[in-house]
Amino acid sequence: MAWRLGRLGAGPCWRAARVARGDARAWWRRGAAGRSWRDPGAPGTGPRGGLRCAPAAGLAAALAGVAGLATAALAHVRHAEMAPESPAPGAAEEADALARRCRGFMAAPVTALGELRRRPDDMRTKMELLILETQAQVCRALAEVDGGAGFAVDRWERKEGGGGISCVLQDGHVFEKAGVNISVVHGTLSEEAARQMRSRGKILKTKDGKLPFSAMGVSSVIHPKNPHTPTIHFNYRYFEVEEADGTKQWWFGGGCDLTPTYLNHDDAVHFHQTLKEACDKHGPDLYPKFKKWCDDYFFISHRGERRGIGGIFFDDLDSPSKEEVFQFVQSCARAVVPSYIPLVKKHCDDPFTPQEKLWQQLRRGRYVEFNLVYDRGTKFGLFTPGSRIESILMSLPLTARWEYMHSPSENSKEAEILEVLRHPRDWVR
């Protein structure tokens, strides 16, 4: 299968309704058991023609910068989504299948169920259901491993259009901070955002200076407590822009990368092999290209080192067809849990010294530096009107440390990981 990149990627206006506690808890019990649910009103709740690279990577993880969330009460949903009097053959069964699928999510979809039912084959529907499914799968796996704190499900809205769901676990037994966010947003692209796209080569034709867009994605960062358990980040997203003549441009982006405090060769091989297998289902050339892109993107130039040991990163995927790229993104999203959870189980109870904990804090400082100084998605979000700042900064750890002129001892375990961060390796072939 041939794959081509477009020239740039990017990273119903749902009015919030306070959910009756009984209905909300009923939904939650039917969903992922064992997680905490936060009522919005409750106080104190815690490739055709070959693969061609774009002039610059898209706005990675930009969806986090425009994410928001609001979901109406289920009673309201049931009222609004009543079946027609004369349903088409099979329509009732399909509607029931959608409702059953949604009960497995962390929260009800951002888009009204009736709208999702009316356009089952629309990519916006497929992608919204995929990111909700991914969020639930990852949260369920993390909560099972942690065995302590549950996920707070934060429902909120973006007044400019659309919404999102933030699921955050803090101060657990295994994880210091784990966030898995989804966003489904729409509206008019800001002039600043459109300008950034044009500066990277995207040709966009506006009407009266306006550019309608739809965007959705899932973004996650997991910071474990144990310094021998690596941090993981993943993000998968879909973007659609409607130009003045009605033409729609679309593209997908995303990736998954690992940031260990200490190097473990077997862990690196397992992580990269799992991602490679997901990529290889869609073409043998995808993993090596996206692995190199990941190494290049997560480079902290003022330190001369990468943020971690990489993974895959891609943007602006707009061929061979929308469905084929979606299938690739789905394979990558479903590889998150098997690539990471075995590493957590392997190391979460490893003994560690105060020195090793200190090194973890220093490496987290590098993580913060990259996210705030270089990450396009973070910067895009911070300067975008209507952004949900808490969701943008969800990627930052609870604790980090900077020490003046700190340098690890020669031939130490700390020096070993630095060597890999300065000179990336090929972990699988």
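K205 lies in the loop between helix 6 (191-199) and strand 5 (212-224); helices (H or I, at least four residues) and strands (E, at least two) are DSSP runs, numbered from the N terminus. The model is predicted, and local features need pLDDT of at least 70, side-chain atom pairs count only at pLDDT 80 or more, and totals for chains, interfaces and linings use all residues. Residues are numbered from 1 along each chain as its sequence is written, and side-chain values use heavy atoms, with hydrogens and water left out.

With a relative accessible area of 41%, K205 is partly exposed; buried means under 20% relative accessible area, exposed over 50%, and partly exposed in between (1.4 Å probe, protein chains only). Leaving aside residues up to four places away in sequence, K205 touches L211, E243, A244 and D245, where contact means heavy atoms within 4.5 Å. K205 and T247 are separated by 42 residues in sequence, and their C-alpha atoms are 9.3 Å apart in space.

The chain as a whole contains 14 helices and ten strands. Of its 429 residues, 58% are buried. Its accessible surface is about 18,100 Å², and carbon and sulfur atoms account for 51% of this area; accessible areas come from the Shrake-Rupley method with a 1.4 Å probe, and for residues only the protein chains shown count as cover.

The buried residues of helix 7 are D267, A268, F271, H272, T274, L275, K276, A278 and C279. Among the elements that cover these buried residues are strand 6 (231-242), strand 7 (248-259), helix 8 (286-297), strand 10 (310-319), helix 9 (322-333) and helix 10 (336-347). At the start of helix 7, a side-chain oxygen of N264 comes to within 3.1 Å of the backbone nitrogen of D266.

H347 is placed in helix 10. H347 counts as buried because its relative accessibility is 6%. Not counting residues up to four places away in sequence, H347 touches N226, H228, T229, N264 and D267.

Some backbone features were also identified. D316, in strand 10, is not a glycine, yet its phi is positive, near 65°. D316 is buried, with a relative accessible area of 0%. S319 and P320 are joined by a cis peptide bond with omega of about 20°, and P320 is found in the loop between strand 10 and helix 9. M405, also not a glycine, has a positive phi of about 55°. M405 lies in the loop between helix 13 (389-392) and helix 14 (413-422), and its relative accessibility of 68% makes it exposed.

On the surface, L372, V373, L382, F383 and I389 form a nonpolar patch with about 460 Å² of accessible area together. Patches are made of residues with over 30% relative accessible area and no salt bridge, with like charges joined within 9 Å and nonpolar side chains (Val, Leu, Ile, Met, Phe, Trp, Tyr) within 5 Å; a salt bridge is a side-chain nitrogen of Lys or Arg within 4 Å of a carboxyl oxygen of Asp or Glu. Within this patch, L382 lies in helix 12 (residues 376-382). L382 counts as partly exposed, at 36% relative accessibility.

Key:
A polar contact is a pair of N or O atoms within 3.5 Å; within protein, one must be able to donate a hydrogen and the other to accept it, and residues adjacent in sequence count only if both atoms are side-chain atoms.
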